[in-house]
Amino acid sequence: MQTLKNVTPMKWGRYLDNTILFLGAAVPVGIVIGNAGFEAMVSLAGLVWIVRAVILRENPFSRIVTNPAVLAWAAWLCCIVLSLAINGAGSKGALHDIVFIRFFLFVCAMLDLSTRRQISRYLLWGLAAGVLFAGVNTLMAYGAGYDLFGRSIERYTSKLKEPARFAGMCAMAAPFFLTWALTARSEKSKHWVFFLIIGMTALMILVQTTIRTAIIASFSGIFFGILFFRYKKMGWVEKILWPVLLVTGIWITVHWVEGDSLLTFYHRIAIWKISVAMWQENFLLGVGVSAYKDIYAAFALSGKISPYVAPTGEVFDITKAYHAHNLFLMLLSSTGILGLASFIWLFACCIWETVKNTMQWKSGLATWPVVFLVNGLAGSNIYNSWYQALFAFFAVLALTGRPVTPVLKK
């Protein structure tokens with residue numbers, strides 16, 4: 001009788017594990033779908049994980065509590081909540097900051113699942129599916145005037161909404177799959193052509209978005225991946241050639257998108273100047289994530305900070321900004337030095353696990369921190385929900401390259 005009682009919870013555990021795995025692997029597809037897609041997948045993965053713990057009457061944190069990445073993400077989340085508590089909510093409301101916990105629970109759910117199953121392969125299939133899905137939607141938009149969800153071509157010709165999400169995902173996916181294809185080809189794997197096709201598809205989607213920072217970040221990732229894969233085999237000519245090609249590619253990208261104008265660069269410097277001032281007045285915990293836009297406007301209009309004067313003599317008085325256009329300044333201005341320190345701790349854990357990864361896709365995985373950092377110099381906002389979902393997905397991919405050791409019960 002006791003055995004029969006245990007059968008149902010065990011079956012439910014396996015069923016819910018499969019659900020968590022499907023939701024986690026589908027995050028890239030969710031990013032293509034839009035806010036409803038990735039938010040549902042991230043939130044439901046964490047919720048199903050909690051339901052599983054209740055049904056099996058266990059404490060899942062006991063298996064992952066010693067993982068440094070979990071502790072680091074928890075510290076980062078605490079900084080967000082503490083900053084909110086001290087500074088108050090901005091126009092986005094307190095709930096905007098509190099629900100960042102969904103990404104923490106998502107990562108915990110995936111890391112806990114990795115103690116029971118090898119999940120990396122499913123995540124890779126999910127990433128490939130996301131790239132192909134983005135490609136189909138892009139072709140539909142330009143060919144028929146609307147994508148599979150009925151979204152018009154006008155949404156695809158801007159640098160917001162779909163192009164922004166597609167560019168962020170493909171900037172990481174392109175060097176990942178292209179570098180992996182090189183490794184697989186050298187190892188005579190029959191799958192290398194498939195990886196090459198996915199990588200080239202991601203690169204083509206990225207380039208057509210004309211989002212400069214993402215393109216440069218992806219080129220940097222490809223360059224790093226080639227060095228990672230071939231450096232010991234390179235002659236001195238090739239060691240000179242690849243950096244020249246990288247610099248040339250960046251120059252062509254900048255010239256193609258912006259011409260000879262440095263307008264957007266000056267625009268960012270003006271925002272950086274005010275963001276630094278915001279952090280200096282709120283050194284430890286910043287001004288809060290939800291309040292960034294409001295505090296920025298208050299600083300810009302206060303007259304305390306003089307407008308940025310470009311070398312051309314043009315004055316840039318930017319009174320509205322939704323984020324700092326720099327990873328480190330956004331962390332500093334929103335969550336202070338404590339927020340920056342906790343995020344660096346988390347990112348260092350991801351890099352360390354990437355280095356220690358023993359899977360055959362290690363060469364591809366090694367490119368994502370480079371893409372993320374370069375893109376963060378002047379690009380995406382880490383507190384933007386789709387971008388944090390993308391970061392969480394790649395963080396899980398890095399952290400689950402080898403099983404997490406469960407905590408032994410006393």
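**Cysteines and aromatic rings in a predicted model**

I would like to begin with Cys78, whose sulfur lies 7.1 Å from the closest cysteine sulfur, that of Cys79, which is too far for a bond. Please keep in mind throughout that what we are looking at is a predicted model. Cys78 is partly exposed, at 45% relative accessibility. Cys350, by contrast, is buried, with a relative accessible area of 0%, and its sulfur is also too far for a bond, since the closest cysteine sulfur, in Cys349, is 6.8 Å away. A disulfide would need the two sulfur atoms within 2.5 Å, and the structure as a whole holds zero disulfides.

Let me turn to the aromatic rings, where the count comes to 37 pairs. One of them joins Trp12 and Tyr15, which is edge-to-face because the ring centres are 5.7 Å apart and the planes stand at 85°, where an angle over 60 degrees is what counts as edge-to-face. Both residues belong to helix H1, residues 2–25, and are three residues apart, about one turn of the helix. Trp12 is partly exposed at 41%, whereas Tyr15, at 52% relative accessibility, counts as exposed.

Phe176 and Trp180 form another edge-to-face pair, with 6.0 Å from centre to centre and 85° between the planes. These two lie in helix H8, residues 161–186, four residues apart, again about one turn. Here Phe176 is buried at 0% relative accessibility, and Trp180 is buried as well, with a relative accessible area of 7%.

Finally, there are charges over rings to mention. Arg102 lies over the face of Phe100, 6.0 Å from the ring centre, and the charged end of Lys304 sits over the ring of Phe299, at 5.8 Å from its centre.

Methods
Residues numbered from 1 in each chain as written. Predicted model: local features only at pLDDT ≥ 70, side-chain atom pairs only at ≥ 80, totals over all residues. Heavy atoms only, no water. Buried < 20%, exposed > 50% of the residue type's maximum accessible area, 1.4 Å probe, protein only. Phe/Tyr/Trp six-rings, centres within 6.5 Å; stacked < 30°, edge-to-face > 60°. Lys NZ or Arg CZ within 6 Å of the ring centre and 35° of its normal.
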